[in-house]
Amino acid sequence: MDALLAALADPARRRLVTLLAERPHPVGVLAQLAEARQPQTTKHLQTLERAGLVVSQRTGQRRVYALRPAALRELAAELDRLAEAAERAGAGFARHGLSLRAERHNATGPGWADDRSFRFRRALDGPPALIWRHLTEAELLAAWWTPDDLRVSELVFEARPGGRIVQEYRDALDPGDADVVAGRAEGAVEDVRPGERLTYRLSPLLPGGEAAFTAHVEFRLRPGAAGTDLDVTYRITGSTIDSADIVAGIGTGFGQSLDKLATTVRESPR
């Protein structure tokens, strides 16, 4: 595919491909139709032939070139696959864009999102004791506690009342610190009932270091048909005007994190 795209990157070669799509042509005729010099046309055709886009054969004193439809179909199929992948990825991007615009419109003053709640439920493949470990042990938390396009870069989670929480995350494809920190949040654990209930408060920080809002998060675990039924409530207080972009991503982002939790638990050794 790279060779095909490189060959088609030149407008003069694309013009030759267009002409050859009509019917095969000898070099001299192609040069006239393309309004180019014959030596230059010959070089372009040789490039297209090396890339597999055209074939040639000598007929008497002339060398005639023809287009290979199969090569174009292969390229079209690959581009179609890319378009489908981009469409799937872009759907989430578009939804997030709509949410961003809506929340920015709603953020008219301090406290604009106070007491807004998000609720999530997941049926997890594992007993409550195993789920509890994934909720409270930093090494296990780091495997799932971000949306799909992010990764945990710093994590402190002290699973005791009053225990400190620090969560910092970066782009999932940023191997070190090449890009800026995507987000950071700080908070504290409030209630700890192993295997049953966990609550904490967590404040995402704005670029200046001030809290965007405070999230009051509650996890409730109970035995279920699949292993453990997990119910999560995420409630906002102290929202600032500048918190709109973060609020816009909670529903999708936290939902993706819980989906990663489900996958991580399912694949974890028992």
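1. Let me start with the charges: the structure holds 17 salt bridges, a salt bridge being a side-chain nitrogen of Lys or Arg within 4 Å of a carboxyl oxygen of Asp or Glu. Please keep in mind that this is a predicted model, where local features need pLDDT of at least 70, side-chain atom pairs count only at pLDDT 80 or more, and totals for chains, interfaces and linings use all residues. Residues are numbered from 1 along each chain as its sequence is written, and side-chain values use heavy atoms, with hydrogens and water left out.

2. Helices (H or I, at least four residues) and strands (E, at least two) are DSSP runs, numbered from the N terminus. Asp-259 is partly exposed, at 40% relative accessibility; here buried means under 20% relative accessible area, exposed over 50%, and partly exposed in between (1.4 Å probe, protein chains only).

3. Arg-160 and Glu-158 also meet through their side chains in a salt bridge (3.0 Å, N to O). Arg-160 is partly exposed with a relative accessible area of 44%, and Glu-158 is partly exposed at 26%.

4. Asp-191 is buried, its relative accessible area being 18%, whereas Arg-193 is partly exposed at 42%. Through salt bridges that share partners, Asp-191, Arg-193, Arg-197, Glu-218 and Arg-220 are joined into one network.

5. Asp-148, Asp-149, Asp-171 and Asp-179 form a negative surface patch. Patches are made of residues with over 30% relative accessible area and no salt bridge, like charges being joined within 9 Å and nonpolar side chains (Val, Leu, Ile, Met, Phe, Trp, Tyr) within 5 Å. Asp-171 belongs to strand E6 (residues 164-171) and counts as partly exposed at 32% relative accessibility.

6. Finally, the strands: three of them form an open antiparallel sheet in the order E1-E3-E2, where two strands pair if DSSP finds at least two bridges between them. Strand E1 (25-26) and strand E2 (54-59) are the edge strands, each pairing on one side only. E1 pairs with strand E3 (residues 62-67) over two bridges in the antiparallel sense, and Pro-26 stands opposite Val-64 in E3.

Definitions and conventions
Accessible areas come from the Shrake-Rupley method with a 1.4 Å probe; for residues, only the protein chains shown count as cover. Lys and Arg count as positive and Asp and Glu as negative; His and the chain ends are not counted. The place of a charge is taken as NZ of Lys, CZ of Arg, CG of Asp or CD of Glu.
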